[in-house]
Amino acid sequence: MRTTLAPEMGGCRVLGQVWGGWRRGPGVHVAPGTAGFATKARHQLQPRGSSKWFRPVGNQPFPGLLRPESLSREELVDVLKVAVVDQKGPLVTLNKPQGLPVTGKPGELTLLSVLPELSQSLGLGEKELQVVRASGKETSGLVLLSSCPQTASRLQKFFTHSQRAGRPTATYCAVTDGIPATSEGKIRAALKLEHMDGVNLVVPVKSPSRKDIVEGVKKTISHFRLVATSSGCALVQLQPLTAFPSQLPVHMVLELCPVLGDHTYSARVGTVLGQRFLLPVESTKPRRQVLDEALLRRLRLTPSQAAQLPLHLHLHRLHLPGARPQDAPIELLAPLPSYFSRTLQCLGLHYQ
């Protein structure tokens with residue numbers, strides 16, 4: 001959701017106070033500078049607070065996994081209140097559960113649909129929250145909200161300018177099935193959305209022409225760094241330098257290392273005699289991710305349980321500008337979901 005209001009700060013004098021004196025809560029601290037992959041970020045495996053609504057799905061071993069379709073509006077507001085990482089002035093930071101859509105069709109239960117109730121619940125009165133930055137439905141992690149249109153406008157312009165300058169502002173954590181060939185690098189690919197078999201899917205485009213670019217093909221870039229490897233899997237930090245739907249899962253597929261729980265694009269990676277390769281997109285339909293028996297044993301999952309494995313992609317860190325140009329940037333952190341932490345433990349992957 002992008003605001004079109006002017007960036008003047010007259011309506012939000014609290015802005016400088018908010019950014020200059022942001023409370024350093026359990027998930028928030030001020031960064032010494034604009035962090036790259038080498039930055040050691042604070043990390044907590046246990047989320048702040050708990051809720052009866054964060055529960056395993058049936059008998060599935062995925063603690064903390066949310067089932068939005070089973071919640072009422074009131075219950076979802078309770079979930080989001082528990083998920084608040086920090087609140088100061090007009091800015092509210094949430095740690096969004098995996099599976100919760102930000103937007104949707106009229107009548108669907110989404111983050112956007114309950115913002116009026118959430119605003120009231122957080123004591124904001126008539127100041128309704130709006131989305132400044134959020135992860136997608138299948139991605140867990142940080143959501144930045146603002147009850148001040150001018151603050152939202154300034155932050156959205158900051159994110160836009162940073163992207164154009166090639167400065168990453170978001171860092172994701174992902175667990176991948178497979179280990180990238182290099183410990184750090186950039187993934188570059190031209191991508192487009194294509195309607196296939198009744199759904200919109202992201203498709204790579206080789207050597208795009210000018211006509212392709214005009215017709216919706218976008219050149220995308222992501223930066224990756226290996227954090228840990230074990231059992232044929234990897235914990236990877238990802239920083240998108242461009243914005244495109246499903247960019248990070250598709251980029252990891254192009255590296256032959258699909259994200260765990262990717263039940264859309266992982267089918268594009270084939271294996272013959274232990275060697276991985278990309279299958280033709282045109283002949284590869286989305287299907288539940290298939291994991292080998294050894295990996296299933298390490299994860300302590302049955303094949304039917306693995307079919308319900310949530311996407312292990314988490315928006316872990318966001319950078320915001322300081323209140324003044326000379327001020328250090330602010331770094332927001334969101335703890336990993338419980339099921340994500342369980343997976344790291346099962347695979348022997350250690351976050352440092």
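## Overall make-up

The protein chain holds 9 helices and 14 strands, where helices (H or I, at least four residues) and strands (E, at least two) are DSSP runs numbered from the N terminus. This is a predicted model, so local features need pLDDT of at least 70 and side-chain atom pairs count only at pLDDT 80 or more, while totals for chains, interfaces and linings use all residues. Residues are numbered from 1 along each chain as its sequence is written, and side-chain values use heavy atoms, with hydrogens and water left out.

Of the 352 residues in the protein chain, 52% count as buried. Here buried means under 20% relative accessible area, exposed means over 50%, and partly exposed lies in between, with a 1.4 Å probe and protein chains only. The protein chain exposes about 16,700 Å², and carbon and sulfur atoms supply 51% of that area; accessible areas come from the Shrake-Rupley method with a 1.4 Å probe, and for residues only the protein chains shown count as cover. Among contacts in the protein chain with a separation of 6 or more, 69% join residues 24 or more positions apart, a contact being heavy atoms within 4.5 Å.

## The nonpolar cores

Let's go inside. A nonpolar core is a set of buried Ala, Val, Leu, Ile, Met, Phe, Trp, Tyr and Cys residues joined through side-chain atoms within 4.5 Å. The largest one has 28 residues, and Leu238 and Leu313 touch the most other members. At least two residues of this core come from each of β5 (140–146), α4 (149–164), β6 (170–177), β9, β10, α6 (247–254), β13 (313–320) and β14 (330–333). The top contributor is β13, with 4 residues. Another core, of 23 residues, lies apart from it and includes Ala228, Cys233, Leu235 and Leu260.

β6 is worth a stop on the tour. Buried residues make up 8 of the 8 in β6, so this strand is largely enclosed by the rest of the structure. Both of its faces are covered: Ala170, Tyr172, Ala174 and Thr176 are buried on one side, and Thr171, Cys173, Val175 and Asp177 on the other.

Two strands pair if DSSP finds at least two bridges between them. β6 pairs with β13 in the antiparallel sense over 5 bridges, and Cys173 stands opposite His314 in β13. β6 also pairs with β10, again antiparallel, over 6 bridges; there Ala174 stands opposite Val236 in β10.

## Helix α6

α6 is mostly covered as well, with 7 of its 8 residues buried. The buried ones are Gln247, Leu248, Pro249, Val250, His251, Met252 and Val253. After α6 comes Leu256, which has a positive phi near 65°.

## Salt bridges

Side chains of opposite charge can pair when their charged atoms come close. With a salt bridge defined as a side-chain nitrogen of Lys or Arg within 4 Å of a carboxyl oxygen of Asp or Glu, a search of the whole structure finds 5. One of them joins Asp177 and Arg276 at 3.1 Å, N to O. This pair links distant parts of the chain, with Asp177 in strand β6 and Arg276 in strand β12, 99 residues apart. Asp177 is buried, at a relative accessible area of 10%, whereas Arg276 is partly exposed at 30%.

Lys192 and Glu194 also meet in a salt bridge (3.1 Å, N to O). Lys192 is partly exposed at 27% relative accessibility, and Glu194 is partly exposed at 29%. Glu215 bridges to Lys211, with the closest N and O atoms 4.0 Å apart, and both of these residues are exposed.

## A surface patch

Val272, Leu273 and Phe277 form a nonpolar patch on the surface, with about 330 Å² of accessible area together. Patches are made of residues with over 30% relative accessible area and no salt bridge; like charges are joined within 9 Å, and nonpolar side chains (Val, Leu, Ile, Met, Phe, Trp, Tyr) within 5 Å. Phe277 belongs to strand β12 (residues 275–278) and is partly exposed, with a relative accessible area of 34%.

## Positive phi in two loops

Most residues other than glycine have a negative phi. Ser231 has a positive phi of about 55° although it is not a glycine. Ser231 sits in the loop between β9 (218–230) and β10 (233–240) and is partly exposed, at 28% relative accessible area.

Arg300, also not a glycine, has a positive phi near 55°. Its place is in the loop between α7 (293–299) and α8 (303–306), and Arg300 counts as exposed at 54% relative accessibility.
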